[in-house]
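Good morning, and thank you for coming. Please look at the sequence and the structure as they are shown, and then we shall go through some details together.

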Amino acid sequence: MSFIDAQIDRIVGPTHHFGGLGVGNVASQIHAGQVSNPQAAALQGLDKMRLVAGLGVPQLILPPQPRPDFHLLNAFGFTGTPEEILKSVLNDDPMILSAAASCSAMWTANAATVTPSCDRVGGLPVMTVANLSASLHRSIEAAHTQRELCTLLKNGVDVREALPGGAPMRDEGAANHMRFSSPDGQSGLNVFVHGDGSPEPQCHWPRQTLAAGKAIARSHGLRECDVFHLKQHPEAIDAGAFHNDVVAMSHHDLLIHHEFAFAAESCSEIVRMQSRFQDIVESPLRILSIRSSELTLEDAIKTYFFNSQIVSTSVSGKTTLTVLCPVQVQRHPAANELVQRLCAEQVFDDVRFVDLGQSMDGGGGPACLRLRVPVSEQELACFDGSAVWTDALDSDLRDIISDRYPCKLQLADLADIEICQQALETQGVLAERLMQNATGA
Ligand code: SUG
């Protein structure tokens, strides 16, 4: 049986704005307070989904999570009519308004950690929803994400609730998890990446803990010999690599990482990983460490080179690897040269450049915008059909977004009841259109 990576993306919501809320996230902080374009953000996301679906990769779509989240505002003591609540939260604590209206759930690589059935000692594929407890605006995603994933994946995947425990159990999902496998997706090794522990970064709080990675590995029933824990390089975290997928990309038997992605203490674990891979897959794990002389850490973070999205398709036994890079890579001489070199060396068969400017300004590139779920064909067939990308769905979603989304938004606009009501209604219209998809509308 072979396994293919289904990709789950989410439509960016109509309250997309630059709140500067991303912990240790340089792009989010640089763009804080700038005027956003929610309509462009949502259309850019759909462009990427269309590209991926067009390559023959299963593409699934989630609607935006409802924002602003009035339950959160009530829980923090803001009461009265919705209009009064919005005004008083803007006056008292604008950061809370920003968190309640954040569309950060668009970065689905942070939705969950996924274990396919073939990596487990027995049973269904399993997912643990990420608690995202390093930041307020992201921690409010988990409960809704769990309900959505349960509906989407029906009974085909055991979707587990987020780890309890708060800060000591900080978990950011698949952004800090890599899975290596044979080209048919079988025989997986699972690598969890954390940032805590000595030596600690000096400027930014590490978002993922070793304890969280260990808890997920245990509860997913992974074989101990196939689990590896790597530590992020503290300098990478300090430079703005708040997630591992900002400095490392992985697919099947390929790991491409910046030389400063992992702490020196992780070297022996990487050696153990290579040796285990060779034992079970009977071919080498291809590890390409990119030197700073080729691409500095700063430029890697600026261009999000390592956040490129790798997808593969297999036709008559021939696998084609396509890499979707942000246009920032194409525009940057060293990063562009690097991807062209990797194509010339046939590490990739093709490169496509995608303009995700609105997401990039919040610190999310192509790979942040998708959750990979390795599934067999039978498992995929059990998923909820309403989320499956189709031409007709794409076209209707674009119409709704073009008609109803604002093209300019700033934090103060989110205290406007009409803008918020329109946003909540639009999220309902998008969810409704997705639901009709199951019936082939
Ligand atoms: O968690 N940005 C997100 C970006 C997530 C990127 N995901 C991966 N690397 N997989 C974050 O920092 C910015 C929100 C704001 O600034 O309003 C934000 O949450």
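Which side chain has an N or O atom 2.8 Å from an oxygen atom of the ligand? The residue is Ser28. This is a predicted model, in which local features need pLDDT of at least 70 and side-chain atom pairs count only at pLDDT 80 or more, while totals for chains, interfaces and linings use all residues. Residues are numbered from 1 along each chain as its sequence is written, and side-chain values use heavy atoms, with hydrogens and water left out.

A nitrogen atom of the ligand lies 2.9 Å from a polar side-chain atom of His243. For Gly362, a polar backbone atom is 2.9 Å from a nitrogen atom of the ligand. Taken alone, the ligand exposes 480 Å², and the protein buries 99% of that (areas by the Shrake-Rupley method with a 1.4 Å probe).

Who are the neighbours? There are 22 residues around the ligand, each with a heavy atom within 4 Å of it. Gly19, His137, Arg207, Asp245 and Cys368 come nearest.

We turn now to the protein itself. The whole structure has 21 salt bridges, each a side-chain nitrogen of Lys or Arg within 4 Å of a carboxyl oxygen of Asp or Glu. One of them joins Arg10 and Glu148, with the closest N and O atoms 2.8 Å apart. Arg10 belongs to strand S1 (residues 4-10) and Glu148 to helix H7 (residues 142-153), so this pair ties together parts that are 138 residues apart in sequence. Helices (H or I, at least four residues) and strands (E, at least two) are DSSP runs, numbered from the N terminus.

Finally, the backbone. Most peptide bonds are trans, and most residues other than glycine have a negative phi. The bond from Arg67 to Pro68 is cis, with omega near 0°. The bond from Ser198 to Pro199 is cis, with omega near -5°. Glu282, not a glycine, has a positive phi of about 65°, and its place is in the loop between helix H10 (267-281) and strand S11 (286-290).

Note on methods: A polar contact is a pair of N or O atoms within 3.5 Å; within protein, one must be able to donate a hydrogen and the other to accept it, and residues adjacent in sequence count only if both atoms are side-chain atoms.
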